[in-house]
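Student: I would like to learn how to read a model like this one. Can we go through it feature by feature?
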Amino acid sequence: MAAHRKPRQRSLGGPTARTAATLALAGAATATGFDGTAHAEPQLTPAQVKATVDTLYQQAEAATEKYDGAKEQADTAQRRLNALHDETARKQQKLNSARDALGSFASAQYRDGGFAPAWQLALSSDPDQYLEDAALAERAGERQAATVSQVREQLREIEQLRGAMRVQLTSLRARQVELRRQKTAITGKLDEARRLLARLTPQQRTEITGDGAAPGRASRSATDAREALARAGSAAAPDTRAAAALAYAYAKLGSPYVWGATGPNAFDCSGLVQAAYRSAGISLPRTTYAQINAGRRVSRAELQPGDLVFFYSGVSHVGIYVGGGQMIHAPNPSAPVRLAPIDQMPFAGATRVA
């Protein structure tokens, strides 16, 4: 009887081993996705956690910009809907008044309309007065005919307004659906980032965020920031409005990052930029995608304090350049408004709005 031998297993080495390890790590990472079906948590190093959290924050910020854009459109649709509603109410009130006037006239005609005009003239005790009254009645009849025409026109206008209101309501509801979708995407990314950071020690979290201050507290004071910029050789803003925007941004150092926020106490990245320039009398669009086209494009070599600097291929992050290779920006929920080098993220372009 032949002996049964267990097949010999080949050992993994070199590229084969590295490929297997990579696939195993990828599988573990997939198992911890947002669907909540993970069976085991991969033991990630702090560096791996940082890389993953950075990606999650970037994805959340891209979703935040889409949320901000959808909210802006929803707010516009709501304002238009309110204006249409008010205009419809005003026209309806005028229509009701015209209808009441026509009703009163019809009632009077009913009460006085028992005799033909020739008989009324014959029986009148004062024919001259009757003829004068008849002329007035004829002119009144012409005015009533004009009122009827106006009522018909008002009815058409009101129906058109109601059609426009239906269109705006449909638009508003679509924007609201988009808002909920983007909010779900944002909170999912942020929750996953918080879960990963919670597995680290406080010291490791500090190293990852690059700041020892707790969220909502200043990473450094405005005075320290100005001193750091002076040491870096930063120049003053060449435009008074840019200088005013920078002064606002300096005053907000340490303010917490909150997605969708435009101040005065919390900001997301484009919200900080919009608020800073609003304080200087310049109205900027709400999102990074629109802000990059709000002024004159400048190259990295041409940067001046006050210029807007944008990052990532999708233009999903923005800061305000302060000189010396530094910017003020609202980074992400793990860090407050702070100074940072513009080399920290992939540079996508710059715009001068002042």
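Student: How many helices and strands are there in the protein chain?

Tutor: This is a predicted model. The protein chain has nine helices and six strands.

Student: What share of the 354 residues is buried?

Tutor: Buried means under 20% relative accessible area. In the protein chain, 34% of the 354 residues are buried. The accessible surface is about 20700 Å². Carbon and sulfur atoms hold 53% of that surface.

Student: What share of the contacts links residues 24 or more positions apart?

Tutor: Take the contacts with a separation of 6 or more. Residues 24 or more positions apart account for 67% of them.

Student: On to the sheet. What is the order of the strands, and how do they pair?

Tutor: The general idea comes before the case. Strands of a sheet pair through backbone hydrogen bonds, either parallel or antiparallel. Here the pairing is antiparallel, in an open sheet of six strands with the order S1-S6-S2-S3-S4-S5. The edge strands are S1 (296–298) and S5 (338–341), and each pairs on one side only. On average, neighbouring strands are turned by 40 degrees against each other, direction ignored.

Student: Over how many bridges do S4 and S5 pair?

Tutor: Strand S4, residues 326–329, pairs with S5 over four bridges, in the antiparallel sense.

Student: Which strands does helix H7 lie across?

Tutor: Helix H7 (residues 240–251) lies across S3 (317–323) and S4. H7 runs at about 110 degrees to S3. Compare helix H8, residues 269–279, which lies across S2 (308–311), S3 and S4. H8 runs at about 50 degrees to S3.

Student: Why is H8 called largely enclosed?

Tutor: Count its buried residues. Nine of the 11 residues in H8 are buried, so the rest of the structure largely encloses this helix. Among them are Cys269, Leu272, Val273 and Tyr277.

How values were computed: Residues numbered from 1 in each chain as written. Predicted model: local features only at pLDDT ≥ 70, side-chain atom pairs only at ≥ 80, totals over all residues. Heavy atoms only, no water. Helix = DSSP H or I, 4+ residues; strand = E, 2+ residues; numbered from the N terminus. Buried < 20%, exposed > 50% of the residue type's maximum accessible area, 1.4 Å probe, protein only. Contact = heavy atoms within 4.5 Å. Areas by Shrake-Rupley, 256 points an atom, 1.4 Å probe, with all protein chains shown as cover. Pairing = 2+ DSSP bridges. Axes fitted to C-alpha atoms, helices over the stretch in contact; angles between N-to-C directions.
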